[in-house]
Amino acid sequence: MRILITGCNGQLGNEMQLLEKEYGEHMWFNTDVEELDITDQLAIEQFVQENKIDGIVNCAAYTAVDKAESNKELCTTLNTVAPAYLAAAVEKRGGWIIQISTDYVFNGTNHTPYVESDTPCPDSVYGSTKLAGELGVQKFCSKAMIIRTAWLYSTFGNNFVKTMIRLGREKQQLGVIFDQIGTPTYARDLARIIMTAIEKGIRPGIYHFSNEGVISWYDFTKAIHRLAGITTCHVSPLHTSEYPTPAKRPAYSVLDKTKIKQTYNIEIPYWEESLKDCIQQL
């Protein structure tokens, strides 16, 4: 297959490129904004037709959750409009698209893990634009697979894990939210399930994927410091109310992964095992 990867310089895009070597029978077109502007509909259609693209993995997104509150137009363009352009272009070739979405499509008031059939109820500009992106992709491509994920981190780019390691080495004290609960996702594990879906065949619909287990940001930080050998920084638990942000965060955003595990017959690593792997790479 001839497969287009967008957002190849981001966390997930970089992880996809690492795994491409294991799946050499496909031809990969790794692009970021320099190679392909996904907000330009004509450019997308031309690229997809000229390169005979069979499938698209859209790793590109506007992910600055707080900045999105005051930058709604750009956020909408990247998270809602662009995915629809990609979906429509690949549909003309009878192809498929994998769209990466987020736990932020829910407001986090659940007390049990979210399943794919739960009604979305975003509480932020970021969440709203990503939900609209899901709907657009499904509208314009009959072979659309949506994977919602959460708390993404990687050896690449800026993310919570790398920030906590840096701050842990710089500071003697740190306060971290303890009343927001979810599950981290190692981008390499997400990239691997995307590759599995490509190999076993795209089955349209919405899926949830994160690592196994449940944790707070505070406990996650404590684990990061322990695994990174940081002993000089005291981490204190903070209430969400003590750390106000422009965008509202889901208090509980645990995703139920039963559907993707059964569909593709996979086992998902426990969050601490994956975190250990990432920190060793770093």
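Analyst: Let us begin with burial: in this predicted model, buried residues make up 53% of the 282 residues in the chain. A residue is put in that group when its relative accessible area is under 20%.

User: What makes the chain as compact as a globular protein of its length?

Analyst: The chain, which has 10 helices and 12 strands, is judged by its radius of gyration, and this value is 19 Å. The globule rule also gives 19 Å for 282 residues, so the chain is as compact as a globular protein of that length. As for its outline, the C-alpha atoms fill a box of roughly 55 × 35 × 35 Å along the principal axes.

User: How do you know which contacts in the chain join residues 24 or more positions apart, and what share do they have?

Analyst: A contact requires heavy atoms within 4.5 Å, and the separation along the chain is then considered. Among contacts with a separation of 6 or more, 84% are between residues 24 or more positions apart.

User: Why is a group of residues called a nonpolar core, and which residues touch the most other members of the largest one?

Analyst: The name is used because the members are buried residues of nonpolar kinds, joined through side-chain atoms within 4.5 Å. The largest such core has 33 residues, of which V161, F220, I224 and L275 touch the most other members. Two or more residues come from each of α6 (160-170), β7 (173-177), α8 (217-228), β12 (234-238) and α10 (271-281), and α8 gives the largest share, with 6 residues. Another core, of 28 residues, lies apart from it and includes I100, I193, I260 and I268. In soluble globular proteins, nonpolar side chains tend to be buried together.

User: Which residues does F220 touch, leaving aside those up to four places away in sequence?

Analyst: With those neighbours left out, F220 touches W151, Y153, F160, V161, P184, I215, W271 and L275.

User: Why is R203 called partly exposed?

Analyst: The relative accessible area of R203 is 40%, whereas buried means under 20% and exposed means over 50%. The value for R203 falls between these cut-offs, and therefore R203 is partly exposed. R203 is placed in the loop between α7 (187-200) and β10 (205-208), and, not counting residues up to four places away in sequence, R203 touches M145, T263 and Y264. The C-alpha atoms of R203 and A144 are separated by 7.9 Å, although these residues are 59 residues apart along the chain.

Definitions and conventions:
Residues are numbered from 1 along each chain as its sequence is written. This is a predicted model: local features need pLDDT of at least 70, side-chain atom pairs count only at pLDDT 80 or more; totals for chains, interfaces and linings use all residues. Side-chain values use heavy atoms; hydrogens and water are left out. Helices (H or I, at least four residues) and strands (E, at least two) are DSSP runs, numbered from the N terminus. The radius of gyration is taken over C-alpha atoms; the globule rule is 2.2 Å times the number of residues to the power 0.38. Buried means under 20% relative accessible area, exposed over 50%, partly exposed in between (1.4 Å probe, protein chains only).
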